[in-house]
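I opened the model to look up how its parts are put together. My entries follow in the order in which I made them.

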Amino acid sequence: MSTDVMIEPATNTAPVVMPDTPTPVATDVTFRIRRYRPDYDEEPHWEDYTVALYPTDRVLTALEKIKAELDGSLTFRRSCGHGICGSDAMRINGRNRLACKTLVKDIDIRKPITVEAIKGLPLEKDLVVDMEPFFAAYRQVLPFLIPEGHEPTKERIQSAEDRARFDDTTKCILCAACTTSCPVFWTDEAYFGPAAIVAAHRFIFDSRDAGSAARLEVLNDKEGVWRCRTTFNCTDACPRGIEVTKAIQEVKQALIFNRV
Amino acid sequence: MSNPLAAPRAGSRNKQRSNFELYGWLFMRISGLILVFLVLGHLFIMNILDGGVQRINFAFVAGRWSSPFWQVWDLSMLWLALLHGGNGMRTIINDYAERDQTRFWLKMLLYVSTAIIIALGTLVIFTFDPSIG
C-alpha cells in the first residue's frame with residue numbers, strides 16, 4: 001500500500017486515559033407506580049419504590065429489580081426486552097414509552113418517576129391492560145395482503161419506489177403506545193385508533209395489494225380516520241419513530257381524492 | 001377476480017357507503033379558511049377602517065345592510081360560523097358524551113339551537129327594515 005498513513009507501533013502508545021468518563025455510579029431512583037390488584041384493591045393507588053440504578057439502566061430493569069427485591073406482586077408485561085415485541089408499553093412520566101427503550105439517564109430522577117398502565121384500555125392488574133379492544137380494531141382493517149389474479153409462480157415483484165411508499169408503517173410492533181396516547185381514543189373506545197390506521201396504511205399503499213377499497217371503506221366509517229384530531233400524540237409516542245399522524249393524513253387524502 | 005372477502009361489518013351496520021364524515025371533515029377545513037378571511041375582514045373593517053367601534057349604531061347597521069354586498073358577507077359569516085361551530089360541537093359531543101341518551105339529547109339541543117339562530121339571523125338580514133329606527 002502506498003498511502004501516507006503512518007501506523008505507530010503499539011508499544012509507543014501511552015495507556016488510553018479518558019478523563020471525561022467517570023465510572024458509572026449507581027444512584028437511588030424512586031419510582032411511583034400506579035398499582036391495582038383487583039383481588040385486594042377497590043381503586044388503583046400510587047406506591048413508591050426506591051432502587052439503585054445506573055444511568056444506563058432501563059426502566060424495565062428497574063421494574064424487574066422492584067419485582068425481584070421489593071415487591072414480587074408487581075405485575076407487568078415484558079418479553080424480548082429489546083423494543084421489538086411491543087409488550088411493555090406504559091406511561092412513564094405521563095408519556096407512553098416502552099420501558100425497555102427508556103433509559104434512566106434520559107429521565108429527570110430528582111423527582112419520583114411515575115409509571116402507570118397505558119390509558120384507554122381496561123385495566124386488569126398493575127401495568128397490565130386488556131389488549132383485546134386494540135386487536136379487535138386491528139383485525140377490522142384487514143391487516144394482511146389481499147392479492148388479485150392468479151397466484152404467480154415466482155415472487156410478487158415490487159419496485160424500490162413502490163416499497164418505499166409504505167416503508168414507515170411496516171415498522172409497527174403493535175405495542176399500542178400510539179393508540180393509548182390518543183385523546184380521542186381515551187374518550188371513545190369505538191375509534192379505530194392510530195395503530196389500526198397504521199396497519200391499514202401498510203397495505204393500502206402496497207402496490208401488490210388489491211384490498212384497498214375495502215380497507216378505505218372501513219376507515220371512512222364514523223369511527224374511522226375522520227375522528228383524528230391531528231394532536232400528534234401518536235407520533236410522539238411511537239417507539240419505532242413511525243410518523244403516525246402523517247400516515248393517517250395520507251389515508252384521509254386517499255379517501256378525499258379517491259386514489260391510492 | 002374481485003376482492004373475495006365479504007365487506008367488513010357487512011350486515012351489522014353501514015349497509016351502504018356513507019361519506020358524511022368525509023364531507024364533514026372537508027367542510028370544517030374549507031369553512032375555517034373562509035371564516036378566517038370573513039371574520040378578520042369584518043373586524044378590521046368595523047374596528048379600524050370605518051373609524052372604530054364607537055361609530056357603530058342603528059343607522060350604521062341600517063346603512064350597511066342596504067347594500068347586497070354586506071348582506072351576503074354577513075349572511076355567509078352567519079351560516080358558516082354556525083355550521084362550523086355546530087359541527088365542532090357535534091364532534092365534541094361524540095367524543096365526550098358516553099351514554100347514548102346523553103349524546104342524543106345534547107345533539108338535539110345543539111341542532112335545534114343552531115337551526116333557530118340561523119333562521120333568526122337570516123330572517124333579520126333579509127327583512128331588516130331601517131325605518132323602525
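Before taking a distance between domains, I noted that the domain bounds come from an automatic or database domain assignment. I also noted that this is a predicted model.

**Entry 1: domains of chain A**

I looked up the division of chain A and found domain 1 (27-129) and domain 2 (132-147 + 162-257). The C-alpha centres of domain 1 and domain 2 of chain A lie 27 Å apart. I then asked how many residues of domain 1 of chain A are in contact with domain 2 of chain A. I found 14 residues of domain 1 in contact with 14 residues of domain 2. On the domain 1 side of this contact, strand β4 (residues 95-98) of chain A gives the most, with 4 residues. I sorted that side by class and got 6 nonpolar, 4 polar and 4 charged residues.

**Entry 2: the sheet of chain A**

Next I traced the strands. I found 5 strands of chain A in an open sheet, in the order β2-β1-β5-β3-β4, with mixed pairing. Which strands stand at the edges? They are β2 (45-53) and β4 of chain A, each with a single partner strand, so one side of each is left without a neighbour in the sheet.

I went through the pairs one by one. β1(A) and β2(A) run antiparallel and are joined by 9 bridges. In that pair I located Asp28(A), whose bridge partner in β2(A) is Ala52(A).

β1 (residues 27-35) of chain A also pairs with β5 (residues 113-116) of chain A, in the parallel sense, over 3 bridges. I found Arg32(A) opposite Thr114(A) in β5(A). The bridge partner of Ile33(A) in β5(A) is Val115(A).

β5(A) pairs with β3 (residues 89-92) of chain A in the antiparallel sense, over 2 bridges. Here Ile92(A) stands opposite Val115(A).

Helix α1 (residues 59-70) of chain A lies across β1, β2, β3 and β5 of chain A. I read its angle to β2(A) as about 100°.

**Entry 3: a helix pair in chain A**

I then turned to helix packing. Two packed helices are described by the angle between their axes and the distance between the axes. For helix α5 (residues 194-204) and helix α6 (residues 212-219) of chain A, the axes come within 9 Å and cross at roughly 155°. Angles over 145 degrees count as roughly antiparallel, and α5(A) and α6(A) are therefore roughly antiparallel to each other. I noted their crossing as left-handed.

I listed the residues that meet. From α5(A) they are Ile197(A), Ala200(A), Phe203(A) and Ile204(A). From α6(A) they are Ser212(A), Arg215(A), Leu216(A) and Leu219(A). By class, this contact has 6 nonpolar, 1 polar and 1 charged residues.

**Entry 4: a helix pair in chain B**

Helix α1 (residues 20-49) and helix α3 (residues 68-96) of chain B pack at an angle of about 135°, with their axes 9 Å apart. That makes α1(B) oblique to α3(B). The crossing of α1(B) and α3(B) is left-handed.

On the α1(B) side, I noted contact residues including Phe27(B), Met28(B), Leu35(B) and His42(B). On the α3(B) side, Trp73(B), Leu80(B), His84(B) and Asn87(B) are among them. What classes do the residues of the contact of α1(B) with α3(B) divide into? I got 11 nonpolar, 7 polar and no charged.

**Entry 5: chain A against chain B**

Last, I looked at where the chains touch. The contact takes 20 residues from chain A and 16 residues from chain B. On the chain A side, the elements that give two or more residues are α4 (183-187), α6 and α8 (244-257). The largest share of that side, 4 residues, comes from α6(A). I sorted the chain A side by class and got 10 nonpolar, 5 polar and 5 charged residues.

Note on methods. Residues are numbered from 1 along each chain as its sequence is written. Chains are lettered from A and ligands numbered from 1 in the order in which they are written. This is a predicted model: local features need pLDDT of at least 70, side-chain atom pairs count only at pLDDT 80 or more; totals for chains, interfaces and linings use all residues. Axes are lines fitted to C-alpha atoms, for helices over the stretch in contact, and angles run from 0 to 180 degrees between N-to-C directions. Angles under 35 degrees count as roughly parallel, over 145 as roughly antiparallel, 65 to 115 as roughly perpendicular and the rest as oblique. A crossing is left-handed if the near helix is turned anticlockwise from the far one by less than a right angle, and right-handed if clockwise. Two residues are in contact if their C-beta atoms, placed from the backbone, lie within 7 Å. Ala, Val, Leu, Ile, Met, Phe, Trp, Tyr, Cys and Pro count as nonpolar, Asp, Glu, Lys and Arg as charged, and the others, Gly among them, as polar. Two strands pair if DSSP finds at least two bridges between them.
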